[in-house]
Amino acid sequence: MEIIFKNPTPAYSKLLTQLVTDCFASKLSAHDATMWGPAATAEAEIRLGWLDFANSANEILISAAELRSSLNAAHVNEIVLCGMGGSSLAPELISEWCNVPFTVLDATHPTQVLEQTTKNLSHTAVVVSSKSGTTAETRAHLAAFEAAFATQGIAAHERIILITDPGSQLEVYGRSQGYQMFLADPHVGGRFSALTAFGLVPPTLAGAELGPLVNDAEAALRTCLKDDAANPALQLAAALLSNPKAFIAAIAPNSHEYHFLGDWIEQLVAESTGKDGKGVLPIAVQNNSPEFAADVLEHVWRIHLPEKPDHELAANEIAVVGDVGAQLVVWMVATAAIGYLLRLNPFDQPDVESAKVAARSALAESSANSIAAPLDAAAVTALGAQLPTLTANADYLMVQVFGPRTALSMTALAALRNQLATTLGIPVAANFGPRYLHSTGQFHKGGRGTGAFLQILVLPAADCDIPDGTGNTFWQLVRSQAAGDAAVLRDKGCNLLTVITDDLASVAVNLTHSNDG
């Protein structure tokens, strides 16, 4: 593993020396929960189990492989993963790296839910993954698949697999239903769970052999727990904080197997550090994105991984070179070190709950039959004309799409993101809701407070009930989450525009039309 960047500054050397002389790495190895200050100690005491992943990883892999064999023997070879945040981002990354695909359902948009629950499920197993066991989106997915299996005459207990913490509501419920289950280490927070059951089981069930990945991660961890200036995790943390103005890290994988690495880093770093008015905001982009092609922005780092680029690195560029197992470990240790240097708790997410409370309130007041009309092209263009004013004093724009996350919609969102970054001249982050809420949402509410926000609600062709006895529908849940997040952002003084459409691709064109040229 290697961290490469040009002309280390005195600020970098000072931060790196501080981490080494303070023995941060060895204290982390000893699970010293006091390092992040008295207010963080209680939380840190129950959140350092990720350092011990090697103790259980092999057992997890063996159990998952045995279950995979049983499923395959019953001609079940398609895996759907229902999970949010750390429960889906790491396994999605690992499966892409292994070239062992499975379906990730981390959206509550009825179009996507219907697509997955109305297809032929005769060869499908569903992994329901939630650390707390109470994640609203994941419990709704579980209810939907239970109903779908019942409709198709398939025994749910033969097809539903749970990953959760011991003692969670999901474990209790799963036991009562006879579901197969993997219990994870309760002393690991969701975004640090990549090398636990949450990250390892779904790809293994889909066919991955992850022993080499775990071995690479173990080797990297030994290096990252040394009080040494050559420690790549300490170097990365010091580099990212060496320029006080540069708090945005545009991350561009230069290998297609690492396509989702930026998404995983977004949650890990933003949710861990984006609080107390501080933090680092990673933005997952492509290496041909405007953030990499434009003139240097003083508040943006350009991060290349997993390989060093062909060109000579500029002053604002960092290469993080290493395989996926090492990447996971280096970024986790570096994130803990960033928290130490910024004197904040990297293991909590104090501003996430506010959006959940607002969403629950909006859901209680919503109507199942209320689906707004989409804006016409002229109205969307008029809203687009407001974007330069909206972002005039912003350091970045966050685009949230509350719509189905499909290959087509991801392509449309990437095109919109690039166009907005070009025309507005600022970095643009983009993600799907509610995926965004479980990823970088903490930073946007608790971090530096210098972002502007664009919400896009994509209307469904049809709604569907959440079959959990609440009487709510999936579209009600989507609208409520968008409304709740918007309310919290506005309460914090953020500028926000909302666009309602039935076609993301066309709205992307119309939204930027007024800013062309």
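**Figure 1. Lys-131 and Asp-165, a buried pair in a predicted model.** In this predicted model, Lys-131 and Asp-165 are both buried. Their side chains form a salt bridge, with 2.6 Å between the closest N and O atoms. The two residues come from distant parts of the chain, 34 residues apart. Lys-131 sits in the loop that runs from strand S4 (124-129) to helix H7 (136-151). Asp-165 sits in the loop that runs from strand S5 (160-164) to helix H8 (169-177).

**Figure 2. The salt bridge between Lys-275 and Asp-348.** The N to O distance in this salt bridge is 2.9 Å. Lys-275 belongs to the loop between helix H12 (261-273) and strand S8 (281-284), and Asp-348 to the loop between helix H14 (324-342) and helix H15 (352-365), so the bridge ties together parts of the chain 73 residues apart in sequence. Lys-275 has a relative accessible area of 2% and is therefore buried, the limit being under 20%. Asp-348 is partly exposed because its relative accessible area, 22%, falls between the 20% and 50% limits.

Figure 3. Arg-435 and Asp-106 form a salt bridge in which the closest N and O atoms are 2.5 Å apart. The pair links distant parts of the chain, separated by 329 residues. Arg-435 is in the loop between strand S12 (428-432) and helix H19 (441-446), while Asp-106 is in the loop between strand S3 (103-105) and helix H6 (110-117). Arg-435 and Asp-106 are both buried.

Figure 4. Most peptide bonds are trans. Leu-305 and Pro-306 are joined by a cis peptide bond, with omega about 0°. Pro-306 lies in the loop between strand S9 (300-305) and strand S10 (317-321). Gly-433 and Pro-434 are also joined by a cis peptide bond, with omega about 10°.

Figure 5. Most residues other than glycine have a negative phi. Asp-276 has a positive phi, near 55°. Asp-276 is in the loop between H12 and S8, the loop that also carries Lys-275. With a relative accessibility of 57%, Asp-276 is exposed, because the limit is over 50%. Arg-343 likewise has a positive phi, near 60°. Arg-343 is in the loop between H14 and H15, which also carries Asp-348. The relative accessible area of Arg-343 is 46%, so Arg-343 counts as partly exposed, between the limits of 20% and 50%.

Figure 6. Val-214 is part of helix H10, which spans residues 211-224. Its relative accessibility is 0%, so Val-214 counts as buried. Leaving aside residues up to four places away in sequence, Val-214 touches Phe-53, Ala-57, Leu-61 and Leu-200. Ser-289 is 75 residues from Val-214 along the chain, and the C-alpha atoms of the two are separated by 32 Å.

Definitions and conventions: Residues are numbered from 1 along each chain as its sequence is written. This is a predicted model: local features need pLDDT of at least 70, side-chain atom pairs count only at pLDDT 80 or more; totals for chains, interfaces and linings use all residues. Side-chain values use heavy atoms; hydrogens and water are left out. A salt bridge is a side-chain nitrogen of Lys or Arg within 4 Å of a carboxyl oxygen of Asp or Glu. Helices (H or I, at least four residues) and strands (E, at least two) are DSSP runs, numbered from the N terminus. Buried means under 20% relative accessible area, exposed over 50%, partly exposed in between (1.4 Å probe, protein chains only). Contact means heavy atoms within 4.5 Å.
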